Amino acid sequence: MKKMEFMESEKDFFTEEAYNSLRTNIIFCGADIKTISITSCFPNEGKSSVSRNLAINFAKAGKKVLLIDADMRKSVTMGIVDTEGAVCGLSHFLSGQAELDDVIYSSRNNENLFVIFTGSFPPNPSELLSGERFKKLLHEARKCFDYVIVDTPPLGAVIDAAVVSSVCDGAIIVVRANKTSYKDVKAVKSQLEKASCKILGTVLNGAESKGNSYYYNEYYKS
């Protein structure tokens, strides 16, 4: 299995505690919640950062975690990792060019953390994500991992997140403080409900708390 290493950013105490709280709340959602999609309304609201840090937090807590980068339109994950050689990713598996073992990377700095990168950007991401191979991927991942975190494109821009969420156990919506409107969140919530996806809650990203400015996440169970 190929190795990779996240270039993890420093977190202050409040941010670390926020992720601890998020992880705990997800655990209390029930033992049947194992595959979780994470989306947002629009780009630059922090969904990829939340996906990555949540996966790391679960791994540090002793859970075996698979992070799937399903944003096959504009992935940012590849820019913050160090991998060995060329990357074979999700698009290669979904298009039948690779098997599951070929696309799972293990972490050099955390034995519980595994990642599937996007791979090459395909011209038909929605079609690939709605196919049987993606369902097979989640089915097999449930057997091997405690949690599967799926980073999806913003649902306010494309339908991919609803396609993914329809076959996940639950979804989390990332909203940016002083940027994401109530109307936009309501529209994304409606799209997820139409996909028959259980909405676990939201993460408020980039807020200020008690007069201190820092990267802050808060979990609200719906």
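Analyst: Here is a short tour by questions and answers.
This is a predicted model, where local features need pLDDT of at least 70, side-chain atom pairs count only at pLDDT 80 or more, and totals for chains, interfaces and linings use all residues. Residues are numbered from 1 along each chain as its sequence is written, and side-chain values use heavy atoms, with hydrogens and water left out.

User: OK, start with helix α1. How far apart are its end C-alpha atoms?

Analyst: They are 21 Å apart. Helix α1 covers residues 13–27, and its 15 residues should span 21 Å at 1.5 Å a residue, so the two values agree. The expected span is 1.5 Å times one less than the number of residues. Helices here are DSSP runs of H or I with at least four residues, strands are E runs of at least two, and numbering starts from the N terminus.

User: Which residues of α1 are buried?

Analyst: T15, A18, Y19, N20, L22, R23 and I26. Buried means under 20% relative accessible area, exposed means over 50%, and partly exposed is in between, with a 1.4 Å probe and protein chains only.

User: Switching to strands. What pairs with β6?

Analyst: Strand β3 (residues 65–69) runs parallel to β6, joined by 4 bridges. There, V65 stands opposite L113. Strand β5 (residues 105–107) pairs with β6 in the antiparallel sense, over 2 bridges. Y105 has V115 as its bridge partner. To count as a pair, two strands need at least two DSSP bridges between them.

User: How many residues link β5 to β6?

Analyst: The hairpin between β5 and β6 goes through 5 residues.

User: And which way do the β6 side chains point?

Analyst: L113 and V115 point one way, F114 and I116 the other. All of these are buried.

User: New topic. How much space is in the largest pocket?

Analyst: About 280 Å³. The search uses a 1 Å grid over the protein atoms alone; a pocket is an open set of points where a 1.4 Å probe fits, with protein on both sides within 12 Å along at least five of seven lines. Points are joined across faces, edges and corners, and the volume is the space filled by probe spheres set on them.

User: What lines the pocket?

Analyst: 17 residues, with P43, N44, K47, D71 and K74 nearest the centre. A lining residue has an atom within 4 Å of a point. Helix α2 (residues 47–60) gives the largest share, 3 residues. The lining divides into 7 nonpolar, 5 polar and 5 charged. Nonpolar covers Ala, Val, Leu, Ile, Met, Phe, Trp, Tyr, Cys and Pro; charged covers Asp, Glu, Lys and Arg; the others, Gly among them, are polar.

User: What is the phi of N44?

Analyst: It is positive, about 65 degrees, although N44 is not a glycine. N44 is in the loop between β2 (35–40) and α2. Its relative accessible area is 64%, so N44 is exposed.

User: Is C197 buried or exposed?

Analyst: Buried, because its relative accessibility is 7%. C144 is partly exposed, at 45%.
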